[in-house]
Each structure stands twice: as structure tokens, then as C-alpha cells.
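Student: Please walk me through the features of this structure, one at a time. I would like the general idea before each case.

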Amino acid sequence: MTQSSRDRSPAGDGRAVSPRDTAAAELLLRQGRLTVEGRLVQASNATLYCAIEHDGLSAACVYKPVAGERPLWDFPDGTLAEREVAAYEVSEAMGLHVVPPTVHRDGPYGPGMVQLWVEPDPDVDLVALSRSDDDAIRRMSVFDAVVNNADRKIGHLLPPGDGHVYGCDHGVCFSVDYKLRTVLWQWRGKKLTGEAVEALGRVEAGLRAGELGERLSRLLTAEEVDATRRRVDLMLKHRIHPYPPEDWPAIPWPPL
């Protein structure tokens with residue numbers, strides 16, 4: 001099955017859950033009944049569009065079963081779903097809320113990642129947004145630097161139309177090697193905002209003495225958690241946006 005973006009809408013007869021209501025969204029995603037309604041055929045890994053319902057709550061969501069992941073040469077097999085959940089944990093710890101609520105659970109085709117669906121506003125020009133100096137996009141660039149996102153395409157930006165911007169497809173994050181590959185390089189070498197420094201301070205505290213370190217240790221290797229901590233420390237030390245890597249493509253292909 002396939003489904004066009006124009007046809008997608010929150011499913012079910014219960015109260016629709018907003019991505020800003022993280023507690024309700026996480027509960028729904030963890031305990032809700034998943035019904036597969038289509039497949040996003042453009043995705044490189046099996047990505048299923050689902051309706052989910054539980055105890056009067058309902059939403060649309062994306063389900064990516066581990067069994068549908070394509071092997072990659074530079075990431076261990078069967079780990080992309082956990083990396084997506086780890087990205088959500090970091091987003092929440094930073095207080096940026098740039099990743100829709102995301103959990104790891106069993107589904108119709110086995111364990112995998114389940115993420116609340118965010119419908120982007122079709123009137124927003126994503127190319128123009130990605131090239132702008134919008135504060136929401138700048139927050140995304142800071143988040144991407146922390147998680148070492150190797151695939152920030154323009155199409156991975158989800159602006160619902162309220163001024164906020166979410167991001168999706170974080171399966172190739174958290175490498176121990178510097179692999180930041182993104183379309184958001186407009187702030188490279190520029191001073192971080194005070195908001196960004198505060199967000200980095202929160203994630204640093206969470207990694208060193210808070211719950212974030214414990215949660216990430218259940219999703220990533222010890223080396224990957226340590227590498228995340230080092231990236232945060234480096235950004236806090238220099239307080240600038242990072243530069244592109246010299247030995248790795250700086251922009252994903254295709255960029256859209």
C-alpha cells in the first residue's frame with residue numbers, strides 16, 4: 001500500500017494527541033493498538049503509516065520495524081530504531097522538542113520504532129526554510145550537532161505551521177566518528193545563542209549525572225554515549241556551531 005501526504009490525517013475516533021503533549025503521546029505510542037494503513041515507499045527502510053488508538057486517545061504514527069532495516073556499512077545492523085529513540089531522548093533532555101514523541105515497542109512485524117506523525121504544512125516552502133536564519137531551524141542545527149546526524153535532508157524537516165519545526169529520520173545518528181551531514185550549515189563557525197548554550201548544559205548534566213545517560217546506555221553502545229558527551233563538551237568549550245567535516249561529505253545526497 002502507498003499513501004500520499006494529502007491523504008494522511010490523525011486516525012481513530014478518540015481524542016487526537018498533539019506532539020506537544022509528550023506524556024499522553026508516549027503512553028499512546030507504547031500501549032496503543034497499531035493498525036497498518038500504508039507504506040511510505042520513498043523511504044529506504046520499511047516505513048509504515050499506522051493508526052494507533054488507546055483508552056480514548058488516537059493518532060497517526062510511523063512504525064519502522066527492525067526487520068525492515070537495510071544493512072549499512074557504517075552502522076551496526078538492527079540498531080536504527082534504537083537510534084531514533086535515542087534522538088528523541090536527547091531532544092527532550094535539551095528542552096528543544098524537535099523530535100516527535102518516539103518509542104521502541106513490538107508491532108505487527110516485530111519490534112521497532114514508533115513515532116507520532118507530524119503533518120507538515122504544505123504551504124511552507126521547505127527549501128526556503130532550510131536556507132533561512134529561522135530560530136527553529138537554528139535549534140535543529142544545534143540538535144543535529146549533538147546527535148551527530150549523518151542525514152539531515154530538507155525533506156526531514158516537518159513544520160506543522162505553528163512556527164515550530166520537528167525533524168524525522170534519525171536512524172543514522174550517534175556514530176563515534178564525526179559524520180555530521182546536513183543542509184543546515186548557514187551558522188557554521190558562528191557563536192552559539194544563549195538558548196543553545198543552556199540546552200547544551202541541560203544535556204551535559206543529563207549525561208553526567210541524570211537519567212539521560214542511563215536511558216542512552218540502553219539504546220547505544222558505551223562508546224557512542226561517550227562520544228555524545230565529548231561532542232557536547234566541545235561545543236560548550238568553544239561555543240560555536242561546528243564546521244563541516246573535512247573527510248566526509250558535508251551534505252546528504254539527495255539533499256531533498
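Tutor: Gladly! We will need residue classes: Ala, Val, Leu, Ile, Met, Phe, Trp, Tyr, Cys and Pro count as nonpolar, Asp, Glu, Lys and Arg as charged, and the others, Gly among them, as polar. Keep in mind that this is a predicted model, where local features need pLDDT of at least 70 and side-chain atom pairs count only at pLDDT 80 or more, while totals for chains, interfaces and linings use all residues. Residues are numbered from 1 along each chain as its sequence is written, and side-chain values use heavy atoms, leaving out hydrogens and water.

Student: How many cavities of 30 Å³ or more does a search of the whole structure find?

Tutor: On a 1 Å grid over the protein atoms alone, a cavity is a set of points where a 1.4 Å probe fits but cannot get out; a pocket is an open set with protein on both sides within 12 Å along at least five of seven lines, and lining residues have an atom within 4 Å of a point. Grid points are joined across faces, edges and corners, and the volume is the space filled by probe spheres set on the points. Here the search gives two cavities.

Student: Which residues line the largest cavity?

Tutor: Among them are Ser141, Asp144 and Ala145, along with Trp185, Trp187 and His241. The largest cavity has about 80 Å³ of space, with six nonpolar, three polar and two charged residues in its lining.

Student: What about open space: what volume does the largest pocket have?

Tutor: About 1,300 Å³. Its lining has 48 residues, and Ala43, Gly155, His156, Cys168 and Asp169 lie nearest the centre. By class, 24 are nonpolar, 11 polar and 13 charged. For the second largest pocket the volume is about 310 Å³. Of its 16 lining residues, Tyr178, Arg231, Leu234, Met235 and Pro242 are closest to the centre. The helix α7 gives the most to that lining, six residues; helices (H or I, at least four residues) and strands (E, at least two) are DSSP runs, numbered from the N terminus.

Student: Why does the length of helix α4 agree with its residue count?

Tutor: The expected span is 1.5 Å times one less than the number of residues. The 13 residues of α4 (135-147) should therefore span 18 Å, and the end C-alpha atoms are 19 Å apart, which agrees.

Student: Is α4 mostly covered or mostly open?

Tutor: Buried means under 20% relative accessible area, exposed over 50%, and partly exposed in between (1.4 Å probe, protein chains only). By that rule α4 is mostly covered, with 11 of its 13 residues buried. Contact means heavy atoms within 4.5 Å, and the cover over the buried residues includes α2, α3, α5 and α7.

Student: Which side chain does Asp169 meet through a polar contact of 2.5 Å?

Tutor: A polar contact is a pair of N or O atoms within 3.5 Å; within protein, one must be able to donate a hydrogen and the other to accept it, and residues adjacent in sequence count only if both atoms are side-chain atoms. The partner of Asp169 is Lys64, which is found in strand β4. Lys64 counts as buried because its relative accessibility is 13%, whereas Asp169, at 27%, is partly exposed.
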